[in-house]
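Dear colleague,

I am handing over the structure we spoke about, and it is shown just below this paragraph.

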Amino acid sequence: MTEEELKQIKPTVTVDARGTYCPGPLMELIKEVRQQPVGSVIELISGDAGSAKDVPEWLNKVKQEFLGVIPGEGFWKIYAKKVKDM
Amino acid sequence: MSKRVVIVGGGVGGTIIANLLAKKMRPELKKGELVIDVVSDKPEHFYQPGLLYMLFGLKHHDELVRNEKDLLDPMVELHLHPAVKIDKDKNEVHLKNGVVMKYDILVLATGSRPAPEMIPGLKEGGNWFYEVDACLKLRHELVNFKGGKIVLTVGLPHKCPVAPFEVSYMLDDWFKQRGIRDKVDYTYTYPIGRLHGLEPLANFGAKTFPKHGINTETLFNMKEVDPNKKTVTSLEGVTLKYDILIAVPPHKGAQVIEDSGLGQNGFVPTDKFTLKMEGSTNIYVVGDTTNLPISKAGSTAHFESDVIVENIASELRDGLTPFRYDGKVFCFIETGMTKATYIMFDYNTPPNPVTPSALIHWFKLTYNKVYWLTPMGIL
């Protein structure tokens with residue numbers, strides 16, 4: 001999705017993981033993807049540069065949808081969609 | 001007309017808040033201008049970090065339990081009836097015995113519990129040490145273990161994020177002491193692509209696990225356990241065979257939170273600085289009960305409690321709530337049976353584990369004995 005399209009998204013749930021070191025952004029995303037119903041869109045705000053790489057890798061591995069990432073100043077907004085039960 | 005603060009939950013957070021508030025608001029309590037109630041579903045207060053030691057026979061159940069009544073300030077009223085409904089619009093807590101408690105300020109301190117039922121087959125095929133009975137069962141399995149494959153798995157979310165690390169190092173030492181370490185094939189798995197959520201700890205593990213003969217499998221999120229075949233399969237498509245499966249099950253919050261519509265899976269949406277429930281002006285949330293993406297640990301509840309007490313007192317006296325939680329967390333980390341390290345961090349300062357030492361290990365053992373001063377609001 002383009003950045004403009006991503007900005008239009010109304011997420012089902014937002015996890016602001018900035019400034020939180022434990023359990024960390026990807027762990028929070030995994031938790032939400034598991035808990036939310038199919039069709040949910042999860043917005044993860046992470047201050048960890050690694051998240052923009054880790055999150056899509058994990059989503060790809062478990063066959064869930066990575067919608068895209070919007071870079072901010074010192075943080076990244078990452079969007080994922082739960083497309084199947086897990 | 002007196003004000004009433006109701007605290008739902010008699011764990012570490014709820015008990016600290018009740019006791020600190022009772023000390024701070026002594027004059028108002030004595031004059032009958034304030035009432036502090038604690039609602040708990042059990043008469044006992046259990047020191048959960050002690051389970052790690054109970055697993056190795058180093059702590060007995062009786063050492064880890066006190067009567068909640070004995071820990072509470074005499075001016076705090078304890079209600080030993082489970083809360084079954086919280087009506088935030090009417091400012092009411094409904095107890096199982098039919099009593100309805102009206103509150104001016106509510107503190108949700110309902111905690112979290114392991115929920116192995118969330119993973120198919122885990123209850124039947126797995127072991128865990130996060131609850132007394134399960135811990136004793138695992139202890140028996142370990143003592144009778146003659147060798148084979150042990151797999152450790154970690155569900156999300158879970159409390160005490162460093163426990164998977166600690167138990168792995170301690171088991172390595174313990175099997176060495178028993179003279180069977182060479183017969184134990186131990187695999188530590190973790191949900192993300194490194195060994196721990198805390199990056200410095202992940203690096204520490206990457207450096208030290210090979211020396212301890214601990215095998216690793218990252219990006220491993222439990223999907224299901226087959227108790228007959230003794231296998232655990234991940235969402236990522238990896239299947240591991242085990243003789244003993246040690247799991248940190250995914251956790252859930254309290255049923256009353258879910259039943260009252262206050263938060264999915266029992267975790268309440270909470271402001272990370274004020275610790276007030278999102279959208280509420282008179283409900284505070286402490287410890288594991290928050291949905292904050294921070295460590296579910298006793299120390300988190302402890303440091304949050306300090307802020308909540310200051311704000312409640314300030315609000316009752318001046319109508320102001322100026323205090324803010326800075327995200328502070330402190331955790332001891334056992335790195336074997338004789339050494340430990342620790343980490344301390346907040347929203348702005350990343351953790352940095354210090355070199356493990358016997359001194360820190362002894363410090364942790366000492367804290368295990370004096371823990372009771374913490375819920376009493378002394379330490």
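Over all chains, the structure, which is a predicted model, holds 24 salt bridges. One of them is formed by B:Arg317 with B:Glu28, where the closest N and O atoms are 2.8 Å apart. Because B:Arg317 lies in helix α10 of chain B and B:Glu28 in helix α2 (residues 26–30) of chain B, this pair ties together parts that are 289 residues apart in sequence. Between chain A and chain B, by contrast, the count of salt bridges is zero.

That leads to the interface itself. In the contact between the two chains, 22 residues of chain A meet 31 residues of chain B, and together the chains bury about 2200 Å², of which 61% is on carbon and sulfur atoms. On the side of chain A, the residues that lose the most area to chain B are A:Tyr21, A:Cys22 and A:Met27, which together account for 32% of what that side buries. Although no salt bridge is counted here, the rule does find five residue pairs in polar contact across the interface, both residues of each pair being at pLDDT 80 or more. The elements of chain A that give two or more residues to the side touching chain B are β1 (13–16), α2 (25–35) and α3 (51–61), and the largest share, seven residues, comes from α2(A). By class, this side of chain A has eleven nonpolar, four polar and seven charged residues.

Two of those elements also pack against each other within chain A. The axes of α2(A) and α3(A) are 10 Å apart and lie at an angle of about 35°, and α2(A) passes α3(A) in a right-handed crossing. The contact is made by A:Pro25, A:Leu26, A:Leu29, A:Ile30 and A:Val33 of α2(A), with A:Ser51, A:Asp54, A:Val55, A:Trp58 and A:Leu59 on the α3(A) side; these residues divide into eight nonpolar, one polar and one charged.

Chain B has a helix pair to set beside this one. The axes of helix α1 (residues 12–24) and helix α10 (residues 298–318) of chain B come within 9 Å and cross at roughly 35°, and here too the crossing, of α1(B) past α10(B), is right-handed. Among the residues that make the contact are B:Ile16, B:Ile17, B:Leu20 and B:Leu21 of α1(B), and B:Ala301, B:Ile308, B:Val309, B:Ile312 and B:Arg317 of α10(B). The residues of this contact divide into ten nonpolar, four polar and four charged.

Finally, two points of backbone geometry in chain B may deserve a look. Most residues other than glycine have a negative phi, and most peptide bonds are trans. A cis peptide bond, with omega about -10°, joins B:Leu156 and B:Pro157, and B:Pro157 lies in the loop between β11 (148–154) and α7 (163–177) of chain B. B:Asn91, a residue other than glycine, has a positive phi near 55°, and its place is in the loop between β6 (83–87) and β7 (92–95) of chain B.

With best wishes

Definitions and conventions:
Residues are numbered from 1 along each chain as its sequence is written. Chains are lettered from A and ligands numbered from 1 in the order in which they are written. This is a predicted model: local features need pLDDT of at least 70, side-chain atom pairs count only at pLDDT 80 or more; totals for chains, interfaces and linings use all residues. Side-chain values use heavy atoms; hydrogens and water are left out. Axes are lines fitted to C-alpha atoms, for helices over the stretch in contact, and angles run from 0 to 180 degrees between N-to-C directions. Helices (H or I, at least four residues) and strands (E, at least two) are DSSP runs, numbered from the N terminus. A crossing is left-handed if the near helix is turned anticlockwise from the far one by less than a right angle, and right-handed if clockwise. Contact means heavy atoms within 4.5 Å. Ala, Val, Leu, Ile, Met, Phe, Trp, Tyr, Cys and Pro count as nonpolar, Asp, Glu, Lys and Arg as charged, and the others, Gly among them, as polar. Buried area is the accessible area (1.4 Å probe) that two parts lose on being put together, summed over both. A salt bridge is a side-chain nitrogen of Lys or Arg within 4 Å of a carboxyl oxygen of Asp or Glu. A polar contact is a pair of N or O atoms within 3.5 Å; within protein, one must be able to donate a hydrogen and the other to accept it, and residues adjacent in sequence count only if both atoms are side-chain atoms.
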